[in-house]
Amino acid sequence: MAWVSVTFGQTDSSDLRPPKPPKVKKQAKEFIPTGVMVGVDLFVIGRSIWEEELSQQEYQVEVDSRQYHLTIGYGIQDITRLTETTLYTNEGSYWRVNAEVNFLYNSGNRSKLFFGVGYGRATFDDIFVYETQDAFGNTQIIDQNRDANASWMELTAGTKVRVWKELYMGYTIRYKFLKDYQAGSLIPHDLPGYGPNREDDKDIFGFNYYLYWRFPFRKPTRLSAIN
Amino acid sequence: MKVYLRNWQRGSIVPFLLGVVLGSCAPDEICFSDNTSLVQLEFLTILYEGTDSAEVVNDTLIFNSITAQATDSVFVEGDTLAKLALPVNTADTVTWFLFDSDRGMDSLQLSYRVFRRLISEECGPEQIFDELNPGSTSFDSVVIIAPLLNQQIVKNVEVYY
């Protein structure tokens with residue numbers, strides 16, 4: 001009799017547990033695209049106004065899901081460095097692809113605090129003109145690269161803040177490393193999208209400040225807005 | 001929630017201003033360079049060649065003049081030397097040197113690659129001469145010891161006569 005009562009006791013306690021919720025494919029939900037952001041880099045536009053030698057534009061398209069983003073950037077850059085004795089010009093374009101993780105996906109206002117990793121690649125022409133004065137006389141040296149290219153990796157961090165309706169602003173700090181370039185006898189002074197090609201320090205930081213407009217794939221429901 | 005959003009907006013403006021400041025403060029480039037257009041030559045001769053007691057010795061030559069093609073400059077005139085530094089032609093990748101010495105007339109062709117870069121607008125250009133190779137010569141033999149022309153390197157070429 002005692003055995004029967006113990007058995008009944010176990011059965012009763014398991015019946016009291018709350019029913020398990022149905023399994024939802026949560027991970028798949030994180031990757032479903034929810035919108036596209038199109039942005040322009042205000043920082044390089046500002047630099048192009050302030051620095052006479054630089055002309056640069058950069059645009060970015062971002063496909064965002066709830067937690068993950070894929071960003072594709074494209075830019076053009078034209079630099080002219082002129083002194084009394086030297087002329088260096090560099091003209092080219094670049095693109096980069098970044099995968100980012102948003103750590104503010106539960107904030108409810110679609111603001112983003114993200115970290116990511118990316119790859120960048122540039123194609124450019126550059127030319128360097130200067131004069132030498134030595135035992136062989138005064139000689140004007142002209143050296144150039146045609147269709148030279150460069151690549152690098154990036155670690156990124158930044159924020160994107162909803163300012164008004166679908167208007168966002170945000171910055172990206174880039175740690176650029178594993179730089180590589182293929183060029184001829186002229187060592188490029190600048191790599192479009194990367195920055196100065198210094199021989200002494202291999203890795204550099206970059207900064208972008210974007211203005212975005214977001215195109216949502218569907219209007220957020222009341223529930224998804226809360227989530 | 002409103003305060004939270006405003007804070008993020010403030011947090012976004014500050015890095016922008018910080019970026020403007022940092023973006024205009026690139027670190028200064030060091031203008032000093034060890035690279036040079038001077039090639040360091042050493043003249044050697046082999047004593048008792050072909051015997052067991054053969055010995056390589058550093059020997060002097062009496063140079064009436066040392067010149068090069070593409071210039072009227074005379075680099076050495078009336079000097080007795082076993083080691084010397086000669087400038088290569090920065091506008092070309094080959095330099096022909098002509099030696100008028102107590103041995104008679106000799107020639108030595110050296111080829112190399114020239115890499116050029118703008119260090120910075122303040123520092124100006126830098127030329128790097130590397131991949132030094134011997135061409136035709138009237139000396140017995142020429143051996144490249146160090147293919148990069150650099151102030152820290154004391155010997156680039158051994159010339160045997």
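User: How are residues, chains and ligands labelled here, and which residues count?

Analyst: Residues are numbered from 1 along each chain as its sequence is written, while chains are lettered from A and ligands numbered from 1 in the order in which they are written. The model is predicted, and local features need pLDDT of at least 70, side-chain atom pairs count only at pLDDT 80 or more, and totals for chains, interfaces and linings use all residues.

User: How many helices and strands are there in chain B?

Analyst: Helices (H or I, at least four residues) and strands (E, at least two) are DSSP runs, numbered from the N terminus. Chain B has one helix and 10 strands. Along the sequence the pattern is α-β-β-β-β-β-β-β-β-β-β.

User: What order do the strands have in the open sheet of chain B?

Analyst: Two strands pair if DSSP finds at least two bridges between them. The open sheet of chain B has five strands in the order E4-E3-E6-E7-E8, with antiparallel pairing. Its edge strands are E4 (74-81) and E8, each of which pairs on one side only. The twist averages 25° from one strand to the next; such angles run from 0 to 180 degrees between N-to-C directions, with axes as lines fitted to C-alpha atoms, for helices over the stretch in contact. For one pair in detail, E3(B) and E4(B) run antiparallel and are joined by six bridges. There, B:Ile62 has B:Thr80 in E4(B) as its bridge partner.

User: Which strands make up the closed barrel in chain A?

Analyst: The barrel has eight strands and runs E1-E2-E3-E4-E5-E6-E7-E10, with antiparallel pairing. Neighbouring strands of this sheet are turned by 25° against each other on average, direction ignored. Helix H3 (residues 42-50) of chain A packs on the sheet and touches E1 (35-41), E2 (54-64) and E10 of chain A. The direction of H3 makes about 175° with that of E2(A).

User: How many bridges join E3 to E4 in chain A, and what links the two strands?

Analyst: E3 (residues 68-82) and E4 (residues 86-102) of chain A run antiparallel and are joined by 15 bridges. A hairpin of three residues leads from E3(A) to E4(A). Within this pair, A:Gln77 has A:Gly92 in E4(A) as its bridge partner. E4(A) is also joined to E5(A) by 17 bridges, again antiparallel, and A:Asn90 stands opposite A:Asp126 in E5(A).

User: What happens in the hairpin of E6(A) and E7(A)?

Analyst: E6 (residues 137-164) and E7 (residues 167-182) of chain A pair in the antiparallel sense over 14 bridges. A:Trp164 stands opposite A:Leu167 in E7(A). The hairpin has two residues between the strands, and A:Lys165 takes a positive phi near 45°. E7(A) also pairs with E10 (residues 204-216) of chain A, in the antiparallel sense over 10 bridges. Here A:Arg174 stands opposite A:Gly206, and A:Tyr171 stands opposite A:Tyr209.

User: Is A:Val129 buried, exposed or partly exposed, and why?

Analyst: A residue is buried if 20 or more other C-beta atoms lie within 10 Å of its own, exposed if 12 or fewer, and partly exposed in between, with C-beta atoms placed from the backbone. A:Val129 is partly exposed because 16 other C-beta atoms lie within 10 Å. A:Val129 lies in E5 (residues 112-134) of chain A. A:Val129 and A:Asp143 are 14 residues apart in sequence, and 6.6 Å apart in space from C-alpha to C-alpha.

User: Which residues are in the largest nonpolar core?

Analyst: A nonpolar core is a set of buried Ala, Val, Leu, Ile, Met, Phe, Trp, Tyr and Cys residues joined through C-beta atoms within 7 Å. The largest has 20 residues, and those with the most contacts inside it are B:Val39, B:Leu41, B:Phe97 and B:Phe129. A second, separate core of 14 residues includes A:Tyr88, A:Ala122, A:Trp152 and A:Leu186. Of the 161 residues of chain B, 20% count as buried.

User: How many residues of chain B are in contact with chain A?

Analyst: Two residues are in contact if their C-beta atoms, placed from the backbone, lie within 7 Å. By that rule, 31 residues of chain B are in contact with 34 residues of chain A. On the chain B side, the elements that give two or more residues are helix H1 (2-23), strand E7 (104-120) and strand E8 (124-137). H1(B) gives the largest share, 11 residues.
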